[in-house]
Amino acid sequence: MRRRAFGAAVGAALLILTTAPAQAHGGRAPRARVWVTTVDRAEQLHERAPVTFARGGSPETTITVDPGTRYQRMDGFGASLTDSAASVLHRLGPAARERAMRSLFDPREGIGVSFLRQPIGSSDFTATPAHYSYDDVPAGETDFALRHFSIEHDRAQILPLLRRARQLNPQLTIMGTPWSPPAWMKTSGSLIGGHLLDDPRIYDAYARYLVRYVQAYARAGVPIDYLTVQNEPQNRHDGGYPGAAVPVGQAAKVIEALGPMLRRASPRTRILGYDHNWATHPGDVATTPPGEDPETDYPYRLLDSPAGRWLAGTAYHCYSGDPSAQTALHEAYPDKGIWFTECSGSHGPNDTPEQIFRGTLTWHARTLAIGTTRNWAKSVVNWNIALDSTGGPHLGGCGTCTGLLTLQADGSVTRDAEYFTIGHLAKFVRPGAYRVASTSFGTTGWNGQIMDVAFRNPDGSTALIVHNENDDPRTFAVAVGGHSFEYTLPGGALATFTWPSGLAGDLDPVPLEGATATASPVGETPAAAVDGDGATRGSSGAPQEPGQFLQVDLGRIQRMRRVAIDSGGNTGDYARGWALSAGTDGAGWRLLARGVGAGQLTNVDLPPTRARYLRVTSTGSSPSWWSIADLRVYR
């Protein structure tokens, strides 16, 4: 696998969204189907007229998709069917509940949610009057034999909904996560607060407790694919809901006990580590007890520990830091996976529904739908799949959280922004798809550009998710092989484009790890031209003049047949005239090609060429700066 990173009212009438693949183009021009969601709700996963690929390129900012360059394999996209969500769905009559479930899980009639992260016992989103685990005993008592273990609470509402979800989408992946061990295993003697007791018998009992959960759910018709040992193990705040501080050393001891048990009892179930934020929250650092290490490198320490061999990878949440932490961990442990497993929509007390929808759609589009997946996540999972109009029911914890669906006071069910951000992924990206290479120019921190991520489905079709970060409409192009199309998205909009197999180039990218770049004048960050990230750029820092150049050392002699000079998202800063030269020693140069700039992306096709050094020289003048966001080499 090549790994180089190329630098967003369900009522009586259910909206039917079909995703039958477009007809193979054969002798006809290939077409892409298009679905759009806009920030003003005028379009909500609305299928527009298809767009036709044409041969050749475009002068617009161009998303270049390479379906042959694969990255992580995707598990799915979804949320959590919490106790609260189950309670909300069970307030509906049977027919309305079925419509809501189909809108969530049916891949054809709904959005095809394909991943659920389920609390093991109680969380803050619990509809019961008191918190619970699956092994509750009177205060002061213990139950090392787990004689009181029971999932009876879940049989009334949660398990029937999970079984129906699996019927609607047989490819559904389910993950289990505890918010707290049973109270008798903890220093606090309560589900709220405290640590695990530091006792080998406790580690063994807790591991057996988790295995019993997996076995009980499997017998109930809901097999568990992934398991973590603690939700947010660094969260020491008493928010009135279950939680436990579980330092790396304790987590490792539980996992070392759990791994062999799980391998025997449920080989399909894999363990994930951490299950917390991209960066340790400042509040978690501040509440670290005196003398204890805040373990701000928690996921690294856990993977480095003896427990690391039992871990399939690491799970992340969104409440501190940013998705780049996932790539940093992937680069340190490339054989371990990354899963993104929780983020809740939220709002201020005085925000209008319009503000909530727009803000959630745009933040989740750039940060979760695209930001996490471009940073190696195999899943994108929101928090509650359904809540009521008060943001509940909940017992402690978040009072301003939102779900994918909301049960309104009048009994109607409406779709929130998270329904669409997850839907733009889950409906079109099948479990088993691979993320593939695509150039992207936006950032999770917002820079007003076009941002995207692309996937190749098991049937060979491609899904491209595009978000316009700008408040104004933006026009861009999509290029695959020798074909492209142009499209304009409204400000803030999220879109999914799909097209069938058959579009692919015959060139392979040359890996540029280790490549270096220099420029004259030095201008701004010439190294950004070879960092594989279209959101960064090397720039002249001055108006274009003949003789300015960018020089790239590929590190060794490479074979090449094309050089792509991509000026990215800053429209107009392409070279008005250019010359491409090559060399083997950085001193002697031979001219390969020259031309007049016509747009943001210039593909220079060459006869078979061998070179270590490339130099792109400006041969024209313009008051605009000259930028190269991404220089790519193909063979």
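Q: Great. How many aromatic pairs does the structure hold?
A: There are 25 aromatic pairs. Keep in mind that this is a predicted model.

Q: Okay, pick one. What kind of pair do Y71 and W376 form?
A: Y71 and W376 are edge-to-face, with 5.6 Å centre to centre and 85 degrees between the planes.

Q: And where do those two sit in the chain?
A: Y71 is in strand β4 (residues 62–73), while W376 is in the loop between α10 (353–372) and β13 (379–384). They are 305 residues apart, so the pair links distant parts of the chain.

Q: Is Y71 buried or exposed? What about W376, buried or exposed?
A: Y71 has a relative accessible area of 1%, so Y71 counts as buried. W376 is buried too, at 8%.

Q: Next one: why do F149 and Y209 count as edge-to-face?
A: Because their planes are at 80 degrees, and over 60 is edge-to-face. Their ring centres are 5.6 Å apart.

Q: Which parts does that pair tie together?
A: F149 lies in the loop between β6 (115–120) and α3 (152–155), and Y209 in helix α5 (residues 200–219). Those parts are 60 residues apart in sequence, and both F149 and Y209 are buried.

Q: Nice. Which residues do ring pairs link into a cluster?
A: That cluster is made of F53, F476, F485, Y487, F497 and W499.

Q: Switching to charges: what lies over the face of Y434?
A: R70 does, at 4.0 Å from the ring centre. Likewise, the charged end of R615 is over the F549 ring, 3.9 Å from its centre.

Note on methods: Residues are numbered from 1 along each chain as its sequence is written. This is a predicted model: local features need pLDDT of at least 70, side-chain atom pairs count only at pLDDT 80 or more; totals for chains, interfaces and linings use all residues. Side-chain values use heavy atoms; hydrogens and water are left out. Rings of Phe, Tyr and Trp (its six-membered ring) pair if their centres lie within 6.5 Å; planes under 30 degrees apart count as stacked, over 60 as edge-to-face and the rest as tilted. Helices (H or I, at least four residues) and strands (E, at least two) are DSSP runs, numbered from the N terminus. Buried means under 20% relative accessible area, exposed over 50%, partly exposed in between (1.4 Å probe, protein chains only). A charge sits over a ring if NZ of Lys or CZ of Arg is within 6 Å of the ring centre and within 35 degrees of the ring normal.
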